[in-house]
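Student: Can we go through this one together, slowly? I have the sequence and the 3D view open and would like to understand what I am looking at.

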Amino acid sequence: MSELTKTLCNTIKGLREKEGVSLEAFSEKLGISKTSLQNIERGGANPTLETVEQVADALGVSPLVLLAGDYDTEEFRIAWLLLDLLERFEKLSAKERGEAMKAFNLLVETLSKK
């Protein structure tokens, strides 16, 4: 099971339990079977994005909260931006990476002086 799936499962179950809502009552609220909800909470099912949105709405949170775990929304957004930048960096040639590192170091140096 991936870390993202674990986070999703644990967060859904934790928030549901924190609200004091039974598995049966919450599955009824979502319009899915109790077994389906159990499978989602245990990581035995891969919910669609629509289901993740539906669960988030029912819990009164953003879908990002279900996926972010301990991160707040802003930290989560920044983490995804950094991952995107790293993926782009890996696609650069060795020469381009060297130039990017020089530019990054210059930026850090400049910002450190402020």
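Student: How much space lies in the second largest pocket?

Tutor: Keeping in mind that this is a predicted model, the second largest pocket holds about 170 Å³ of space.

Student: And which residues line the second largest pocket?

Tutor: Its lining is made up of S2, L4, T5, L8, A45, N46, P47, L49, V52 and L67. By type, they divide into seven nonpolar, three polar and no charged residues.

Student: Which helix gives the most to that lining?

Tutor: Helix α1 gives the most, with three residues, and both α1 and α4, which spans residues 49-59, supply at least two residues each.

Student: OK, then what about the largest pocket, what volume does that have?

Tutor: The largest pocket has a volume of about 220 Å³, and the residues that line it are L82, L85, L86, F89, A100, M101 and F104. The elements that give two or more residues to this lining are α6, residues 73-90, and α7, residues 94-112.

Student: Let me zoom out a bit. How many helices and strands are there in the chain?

Tutor: The chain has seven helices and zero strands, so that reading along the sequence gives the pattern α-α-α-α-α-α-α.

Student: What share of the residues counts as buried?

Tutor: Of the 114 residues in the chain, 19% count as buried. As for contacts, if you take those with a separation of 6 or more, 50% of them are between residues 24 or more positions apart.

Student: Now the helix packing. At what angle do α1 and α3 pack?

Tutor: Helix α1, residues 3-18, and helix α3, residues 34-42, pack at an angle of about 120 degrees, and their axes are 7 Å apart. That angle makes α1 oblique to α3.

Student: Which residues meet there?

Tutor: From α1 the residues are C9, I12, K13 and R16, and they meet L37, I40, E41 and R42 of α3. In this contact of α1 with α3, four residues are nonpolar, none are polar and four are charged.

Student: And how do α2 and α3 cross?

Tutor: The axes of α2 and α3 come within 8 Å and cross at roughly 105 degrees, which means that α2 is roughly perpendicular to α3. On the α2 side you will find L23, E24, F26, S27 and L30, and these meet K34, L37, Q38 and E41 on the α3 side. The residues of this contact divide into four nonpolar, two polar and three charged.

Student: L37 came up in both lists. Is L37 buried or exposed?

Tutor: L37, which is found in helix α3, counts as buried because its relative accessibility is 0%, and the cut-off for buried is under 20%. If you leave aside its neighbours within four places in sequence, L37 is in contact with R16, L23, F26, S27, L30 and I32.

Student: And what separates the C-alpha atoms of L37 and C9?

Tutor: Those two C-alpha atoms are separated by 9.9 Å, while the residues are 28 apart along the chain.

Student: What about R42, buried or exposed?

Tutor: R42 also lies in helix α3, but R42 is exposed because its relative accessible area is 61%, and exposed means over 50%. Leaving aside neighbours within four places in sequence, R42 is in contact with M1 and C9.

Key. Residues numbered from 1 in each chain as written. Predicted model: local features only at pLDDT ≥ 70, side-chain atom pairs only at ≥ 80, totals over all residues. Heavy atoms only, no water. Axes fitted to C-alpha atoms, helices over the stretch in contact; angles between N-to-C directions. Helix = DSSP H or I, 4+ residues; strand = E, 2+ residues; numbered from the N terminus. Parallel < 35°, antiparallel > 145°, perpendicular 65-115°, else oblique. Contact = heavy atoms within 4.5 Å. Nonpolar A, V, L, I, M, F, W, Y, C, P; charged D, E, K, R; others polar. 1 Å grid on protein atoms, 1.4 Å probe; cavity = no way out; pocket = protein on both sides within 12 Å on 5 of 7 lines; lining within 4 Å. Points joined across faces, edges and corners; volume = space filled by probe spheres on them. Buried < 20%, exposed > 50% of the residue type's maximum accessible area, 1.4 Å probe, protein only.
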